[in-house]
Amino acid sequence: MRPLVETRDLARRLLAYEAAADKASLSTESTVIRAYEKLRLSLCVLAGVAGFRSLASRALMLAKAEAPSLSAMQVTENGSLQVLGGTESQSDKHQAGEGGVILLAQLLGLLHTFIGESLTLRLVQDAWPGTTFSDRDSGTTEKRGKHGPTR
């Protein structure tokens, strides 16, 4: 996984998966927030809340430099993302903008740097059980059912 290209591709795939899952749910959170929260819960087990918060704060700082639209976000004490100045607009709740891709890619890139590709992908798979996100997917998401993988 090259940090720039593959992490952005993986971030896009995670957000696409969350967007598709949103159609089947009544969630009021944005796909970016939902994907981030799944990673947060998985990573807090590994790094603890303080460790994850530090990693997420660094990822958000790096992402803000590339996507100023993220300036209204901050990482809270428990590591969650918070939108400052109110709630997200309705269009933000159902679309993952480039800023969300950049934020998740920065977070995944930092993970890749600190813990390596294999463990990063394992943590992603833990957050999205039954789904495979890997470089060998060639841009596809594979969901495993009882009778084997389906696309």
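Me: Buried means under 20% relative accessible area, exposed over 50%, and partly exposed in between. In this predicted model, is Glu18 buried or exposed?

Reply: The relative accessible area of Glu18 is 2%. The limit for a buried residue is under 20%. With an area of 2%, Glu18 is therefore classed as buried.

Me: What pattern of helices and strands does the protein follow along the sequence?

Reply: The secondary structure comprises five helices and five strands. Read in sequence order, these elements give the pattern α-α-β-β-α-α-α-β-β-β.

Me: What percentage of the contacts in the protein with a separation of 6 or more comes from residues 24 or more positions apart?

Reply: The protein has 151 residues, of which 44% count as buried. Among the contacts with a separation of 6 or more, the share contributed by residues 24 or more positions apart is 62%.

Me: How many salt bridges does a search of the whole structure find?

Reply: A salt bridge requires a side-chain nitrogen of Lys or Arg within 4 Å of a carboxyl oxygen of Asp or Glu. One of the pairs is Glu37 with Arg40, whose closest N and O atoms are 2.8 Å apart. Over the whole structure, the number of salt bridges found is seven.

Me: Which helices does the salt bridge of Glu66 with Arg8 tie together?

Reply: The closest N and O atoms of Glu66 and Arg8 are 2.0 Å apart, and the two residues form a salt bridge. Arg8 belongs to residues 5–22 and Glu66 to residues 31–66, so the pair ties together parts that lie 58 residues apart in sequence, namely helices H1 and H2.

Me: Of Glu66 and Arg8, which counts as buried?

Reply: Glu66 has a relative accessible area of 39%, and this residue is partly exposed. Arg8 has a relative accessibility of 16%, and the limit for a buried residue is under 20%. The residue that counts as buried is therefore Arg8.

Me: How many residues apart are Lys38 and Glu18, whose side chains meet in a salt bridge?

Reply: The N to O distance in the salt bridge of Lys38 with Glu18 is 2.6 Å. Lys38 lies in helix H2 and Glu18 in helix H1, and the pair links distant parts of the chain, with a separation of 20 residues.

Me: Which residues do salt bridges that share partners join into one network?

Reply: Glu37 and Arg40 form a salt bridge, and both lie in helix H2, three residues apart, about one turn of the helix. Both Glu37 and Arg40 are buried. Separately, salt bridges that share partners join into one network Glu18, Arg34 and Lys38.

Me: Leaving aside neighbours within four places in sequence, with which residues is Lys38 in contact?

Reply: Lys38 is partly exposed, at 30% relative accessibility. Beyond the neighbours within four places, the contacts of Lys38 are Glu18, Ala127 and Trp128.

Me: How many charged residues does the contact of H2 with H5 have?

Reply: H2 and H5 (residues 117–127) pack at an angle of about 120°, their axes being 9 Å apart, which makes H2 oblique to H5. Lys38, Leu39, Ser42, Leu43 and Leu46 of H2 meet Leu123, Val124, Asp126 and Ala127 of H5. By class, this contact has six nonpolar residues, one polar residue and, among charged residues, two.

Me: How many nonpolar residues are in the contact of H1 with H4?

Reply: H1 and H4 (residues 98–115) pack with their axes 8 Å apart and at an angle of about 120°, and the two helices are therefore oblique to each other. H1 passes H4 in a right-handed crossing. The contact includes Thr7, Arg8 and Leu10 of H1 and Glu98, Gly100 and Val101 of H4. By class, its residues divide into three charged, three polar and, as nonpolar, nine.

Me: How many nonpolar residues does the contact of H2 with H4 have?

Reply: H2 and H4 pack at about 120°, with their axes 7 Å apart, and this makes H2 oblique to H4. H2 passes H4 in a right-handed crossing. The contact has two charged and two polar residues, and its number of nonpolar residues is 22.

Terms used
Residues numbered from 1 in each chain as written. Predicted model: local features only at pLDDT ≥ 70, side-chain atom pairs only at ≥ 80, totals over all residues. Heavy atoms only, no water. Helix = DSSP H or I, 4+ residues; strand = E, 2+ residues; numbered from the N terminus. Buried < 20%, exposed > 50% of the residue type's maximum accessible area, 1.4 Å probe, protein only. Axes fitted to C-alpha atoms, helices over the stretch in contact; angles between N-to-C directions. Parallel < 35°, antiparallel > 145°, perpendicular 65-115°, else oblique. Contact = heavy atoms within 4.5 Å. Nonpolar A, V, L, I, M, F, W, Y, C, P; charged D, E, K, R; others polar. Left-handed = near helix turned anticlockwise from the far one by under 90°.
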